[in-house]
Amino acid sequence: NSNSFIRNFDGLIDEVAVWNAVLSADDVAKIASKPVDFSKASTYATDRTSNLKLWLRAGDKVLPEEDTSIARSDFYTDFDGLDDHIELGSITSSNPLSLNGSHGSVIFWVNIPDVSAGDDHKRIIDKSDAGSAGKGYAITIRTDGSINAYIAGGSMITSDAGEITDAEWFHIVWKWDGTNHKLYKNGIEIKSASSSTTPPSDTANMAIGSWNHDVARELNGSLSSV
C-alpha cells in the first residue's frame, strides 16, 4: 500500500460468498437464519447453486466428514519428512488419476517450514520413476523455492527460484493442454512452457508426499485440498 495510512480490517469474517445473481429476500433470510452449506441446492429458498462463484468456507464447528448438515472446518495434512506419505496404489488407464490424455490439471495448497532443507525435490504428487520414458508425471518443490513439474518423456516446466518461501501457504496449479504447461501461484500465472507430451496410460504406483516411496525423499510440510 503506497498510501500514508492503511485501512486493513481488524476483526473476524466467516462464510464469504459471491454470486453472479441478485439474491431474493427469501434467499437472504434463509442464509442468515442458520449456517448453510452453499454447495447444496436444498439449503436455499431459491436454488442459486449455479450462480455461486466464490465461497470461503470456515465451519462453525467441527463435524465428522459424513455429517453434511453444516459447513465443516477445513483440514490439512502434515507430513514429517521421514515416514509419512499417501500411497495411491496402482493407477492404470482406467483410473482417472492416470491423466493419460492431452490435457489435465493438478491443484493443491502447500506450506513448507524450511524450503531449503532436505532433498532437492520435495514430492507433492509423484509416480515412481516419473523421470523415465513411459512412466507418468510428478510435481515437486525444490530447495531453491522453485516449482518443478514434469511428464514422462522429458516434458518439464520449472518456475523461477523463490516462488515458495518458508512457512507460508501457497495455492499452486499446474495444467497442460497438449501445447503448453502453465504454473499458477495464488491465482496468478507465473510460468509457461511449450509441451506436446502427455502422461502415458502406464503410470503404475503413485504417491502423495513421497518419491518412489523413498523415506529420504519425503515431504516435510503440509498439504490441503489436493
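## The chain as a whole

Residues 24 or more positions apart account for 56% of the contacts in the chain with a separation of 6 or more. This is a predicted model. Its secondary structure comes to 1 helix and 16 strands. The chain has 226 residues, and 37% of them count as buried.

## A nonpolar patch on the surface

Six residues form a nonpolar patch on the surface: Phe9, Ile13, Val16, Val18, Leu54 and Leu56. Together they have about 550 Å² of accessible area. Strand S1 (16-19) and strand S2 (52-56) each supply at least two residues of the patch.

Take Val16 as an example. Val16 lies in strand S1. Its relative accessibility is 31%, so Val16 counts as partly exposed.

## Salt bridges

Side chains of opposite charge can pair when their charged atoms come close. How many salt bridges does a search of the whole structure find? The search finds 4.

Arg48 sits in the loop between helix H1 (25-33) and S2, while Asp27 sits in helix H1, so the pair ties together parts that are 21 residues apart in sequence. Both Arg48 and Asp27 are buried.

Asp160 has 46% relative accessibility, so it counts as partly exposed. Lys191 is partly exposed as well, with a relative accessible area of 29%.

## Inside strand S11

Strand S11 covers residues 180-185, and Tyr184 lies in it. At 19% relative accessibility, Tyr184 counts as buried, because buried means under 20%. Which residues does Tyr184 touch, not counting residues up to four places away in sequence? They are His171, Ile172, Val173, Lys175, Glu189 and Ile190. With Lys175, Tyr184 makes a polar contact, side chain to side chain, at 3.4 Å. The C-alpha atoms of Tyr184 and His171 are separated by 7.9 Å, and these residues are 13 apart along the chain.

His181 is in strand S11 too. Its relative accessible area is 0%, so His181 is buried. Leaving aside neighbours within four places in sequence, His181 is in contact with a list of residues that includes Ile151, Met156, Trp174, Lys175, Trp176, Lys191 and Ser195.

## The tryptophan pair

Trp174 and Trp176, both contacts of His181, bring up the aromatic rings. The count of aromatic pairs comes to 1. Trp174 and Trp176 form that pair, with ring centres 4.6 Å apart. Why is the pair called tilted? The angle between the planes is 45°. Planes under 30 degrees apart would count as stacked and planes over 60 as edge-to-face, so this pair falls into the remaining class, tilted. Trp174 is buried, and Trp176 is buried as well.

## Two loop residues with positive phi

Ala167 is not a glycine, yet it has a positive phi of about 55°. Ala167 is found in the loop between S9 and S10. With a relative accessible area of 53%, Ala167 is exposed.

Asn186 is not a glycine either, and its phi is positive at about 50°. Asn186 is found in the loop between S11 and S12. At 42% relative accessibility, Asn186 counts as partly exposed.

Notes
Residues numbered from 1 in each chain as written. Predicted model: local features only at pLDDT ≥ 70, side-chain atom pairs only at ≥ 80, totals over all residues. Heavy atoms only, no water. Phe/Tyr/Trp six-rings, centres within 6.5 Å; stacked < 30°, edge-to-face > 60°. Buried < 20%, exposed > 50% of the residue type's maximum accessible area, 1.4 Å probe, protein only. Patch = residues over 30% accessible without salt bridge, like charges linked within 9 Å, V, L, I, M, F, W, Y side chains within 5 Å. Areas by Shrake-Rupley, 256 points an atom, 1.4 Å probe, with all protein chains shown as cover. Salt bridge = Lys/Arg side-chain N within 4 Å of Asp/Glu carboxyl O. Helix = DSSP H or I, 4+ residues; strand = E, 2+ residues; numbered from the N terminus. Contact = heavy atoms within 4.5 Å. Polar contact = N/O pair within 3.5 Å; in protein donor to acceptor, adjacent residues only side chain to side chain.
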